[in-house]
Amino acid sequence: MDSITIVAMTSIICAALTTAIGCMFPALSEGKAVATALTSLAQQPDASATITRTLFVGLAMIESTAIYCFVVSMILIFANPFWNHFIAQAVGK
Amino acid sequence: MHLSPDEVVFWQYGIFKLNATIVYTWGLIVLLALGSKLITRRLSQDHNRSRWQNFLEIIVTSIVTQIKDVGIANPRTSLGFLGTLFLFVAAASLCTIIPGYEPPTGSLSTTAALALCVFVAIPMFGIEEQGLRGYLKTYIEPTIIMLPFNIISEVSRTLALAVRLFGNMMSGAMIVGILLSITPFIFPVVMTLLGLLTGMVQAYIFSILAAVYIAAATQTTERKQLNERTIHG
């Protein structure tokens, strides 16, 4: 196996794992946050504006971790610096 | 497939590039500025008012209400900044219904610029509200041990703002691109619809987070006085 194959294989496996794990846990915590918000909405419908706004901001905070993982895996697939390095070396030879 | 609209170059002369991000950003600026100029040219104060004036009034008053709900004491001072942020990000994602258009917020340069604006605006509003000493004091609260963590959080939340908006916008375009090659019939339309919703939510969240940060920087003295009043009185 030459280095280009190793880089390609590692990048693809890592990208898949990054998105898989990085979606799993934010999804769990978002579900928890929404469930808690719904419970408190049912208890205090008057405070719905505050609860909804806080819920949205909190969801954005949680979701951004998933987005970071997505960005990392997109970089690994489409704009991989190591891959580009070895391709440039192979072209230069 | 390309990762960001930076890679679509319309015109190039030497190192000067005119890419899709710059063109669409300026297009949006012209659209927003000309639109509001045209609408506010003939404002009426009686009940006989135009449709567009109602539209603009609804937007502005709801932004003011949202800013006030976050806890900024006088929302009119930061209305220009926060409202422009919201309108720009919202218009950038709303215009994706135009064919051939790509949201400039799908490029990390645009979102980094917006986040840097917020990064600069927070101390400006803070110093304006409570003076240089008062603002710098918020860094060593509650104790001086928190100083490095406060500085780190200042930088990291700017980074988070930029990457969050970029990731959401980029992922929308990317998913539509991938789906077009797998199931090109119905699903891209559904995902585009979902992208519109995500864009609106992201615009809301970007401006609300900026408002929360500004509120945290401007509010401290008043809250302290209020606490003292409740303790002593």
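Helices (H or I, at least four residues) and strands (E, at least two) are taken here as DSSP runs, numbered from the N terminus. The model is a predicted one, so local features need pLDDT of at least 70 and side-chain atom pairs count only at pLDDT 80 or more, while totals for chains, interfaces and linings use all residues. Residues are numbered from 1 along each chain as its sequence is written, and chains are lettered from A and ligands numbered from 1 in the order in which they are written.

On confidence, the predictor assigns the complex a pTM of 0.82 and an ipTM of 0.71.

Chain B is built from 6 helices and 2 strands, and from the N terminus on the order is β-β-α-α-α-α-α-α. Contacts are pairs with backbone-placed C-beta atoms within 7 Å. Among those in chain B between residues at least 6 apart in sequence, 66% link residues at least 24 apart.

Helix α4 of chain B holds Pro123(B). This proline counts as partly exposed because 16 other C-beta atoms lie within 10 Å. Beyond four places in sequence, Pro123(B) has contacts with Tyr135(B) and Ala217(B). Pro123(B) and Tyr135(B) are 12 residues apart along the chain, with 7.4 Å between their C-alpha atoms.

Next come the cores, each a set of buried Ala, Val, Leu, Ile, Met, Phe, Trp, Tyr and Cys residues joined through C-beta atoms within 7 Å. The largest nonpolar core has 39 residues, and those touching the most other members are Leu85(B), Val89(B), Phe206(B), Ala210(B), Ala211(B) and Ile214(B). At least two residues of this core come from each of α1 (20–39), α2 (51–70), α3 (75–94), α4 (108–137), α5 (147–182) and α6 (187–232) of chain B, and α6(B) gives the most, with 10 residues. A second, separate core has 5 residues, among them Ala66(A), Ile67(A), Cys69(A) and Val71(A). Back in chain B, Val89(B) touches Thr105(B), Leu165(B), Gln202(B), Ala203(B) and Phe206(B), leaving out residues up to four places away.

In chain A, helix α2 (residues 48–78) runs for 31 residues and spans 42 Å from first to last C-alpha, close to the 45 Å expected at 1.5 Å times one less than the number of residues. α2(A) also has a kink of about 25 degrees centred on Ser64(A), the bend being the angle between axes fitted to the seven residues ending there and the seven starting there. Buried residues of α2(A) include Ser64(A), Ile67(A) and Phe70(A). Over in helix α1 (residues 3–43) of chain A sits Ala35(A), which is exposed because it has 10 C-beta neighbours inside 10 Å.

As for the interface, 14 residues of chain B are in contact with 13 residues of chain A. On the chain B side, α5 and α6 each supply at least two residues, and α5(B) gives the most, with 7.

Definitions and conventions: A residue is buried if 20 or more other C-beta atoms lie within 10 Å of its own, exposed if 12 or fewer, and partly exposed in between; C-beta atoms are placed from the backbone. Two residues are in contact if their C-beta atoms, placed from the backbone, lie within 7 Å.
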